[in-house]
Amino acid sequence: MLVFAMMLGLVSDGISDKFDSLRKGKSEVVEKNHTLILGWSDKLGSLLNQLSIANESLGGGTVVVMAGRDKEEMELDIARMEFEFKGTSVICRSGSPLILADLRKVSVSKARAIIVLAEDGNADQSDARALRTVLSLTGVKEGLRGHIVVELSDLDNEVLVKLVGGDLVETVVAHDVIDRLMIQCARQPGLAQIWEDILGFENCEFYIKRWPQLDDMQFEDVLISFPAAIPCGIKVASYGGKIILNPDDSYVMQEGDEVLVIAEDDDTYAPTSLP
């Protein structure tokens, strides 16, 4: 009887420890093709809102957030956000992006996109942490299937982060972009509404996609090939993926080129045959 009681106590303690581990966000995320957000800032709410709108046409998606906060606190803050998630599920995990074991816990190698948020406070310290995070991501043994978007606080640190991350990394210096947009909007009334429509997912937005059937076609013919979209540029494969806005009408599409369009959604447009 005593042995049975001891065994029952051990099993009970094991189950309690397991549930405690799950509650604190220490379990592994079994997801793929998810969006991974590393860090926490006041921009997270807007970011989750736009991701929810973007995933609505797909029936929802999965966003994983990992930050150095308690999992239950993060879930409570997200639950208080005043917008609909439109089928998108948000999974929170406690951890550090500087620790490879924590990165594996959120299935970093299976994520379709990784977003590194800047920390509030000192710009140099925030960018230094972002740089160390990129180093950790490039050191994942399984490799990465998605690209990395890094928010920086100082434009001077952009070159170093790109040097470390290579082609996988795209940097965004948020305050620099916002400053330029504010100046443009101040000089041209009404421009703010245009930026809001194009840069958000509520209406039309930019999409880049490869269409093999457009190879060897001049750009002037590409312009009239999309009934439900407006072509406005080319991502040129032979130029290392450089985007050319409003190319010459005589430009001939090459193998590997992608078309930049403005469309309502990524599944609402496709090229048609010319008459």
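Me: Before the sheet, what makes two strands pair?
Reply: Two strands pair if DSSP finds at least two bridges between them. Strands (E, at least two residues) and helices (H or I, at least four) are DSSP runs, numbered from the N terminus. This is a predicted model, in which local features need pLDDT of at least 70, side-chain atom pairs count only at pLDDT 80 or more, and totals for chains, interfaces and linings use all residues. Residues are numbered from 1 along each chain as its sequence is written, and side-chain values use heavy atoms, with hydrogens and water left out.

Me: How many bridges join strand 7 to strand 10?
Reply: Six bridges join them, and the two strands run antiparallel. Strand 10 covers residues 258–263. Ile208 stands opposite Leu260 in strand 10.

Me: What is the strand order in the open sheet?
Reply: The order of its four strands is 7-10-8-9, with antiparallel pairing. Strand 7 (205–210) and strand 9 (242–245) are the edge strands, each pairing on one side only.

Me: Changing topic, at what angle do helix 5 and helix 6 pack?
Reply: Helix 5 (residues 123–138) and helix 6 (residues 158–165) pack at about 10 degrees, with their axes 9 Å apart. Axes are lines fitted to C-alpha atoms, for helices over the stretch in contact, and angles run from 0 to 180 degrees between N-to-C directions. Helix 5 is therefore roughly parallel to helix 6 (angles under 35 degrees count as roughly parallel).

Me: Which residues of helix 6 make the contact?
Reply: Leu160, Val161, Val164 and Gly165 of helix 6 meet Leu131, Val134, Leu135 and Thr138 of helix 5. Contact means heavy atoms within 4.5 Å.

Conventions:
Parallel < 35°, antiparallel > 145°, perpendicular 65-115°, else oblique.
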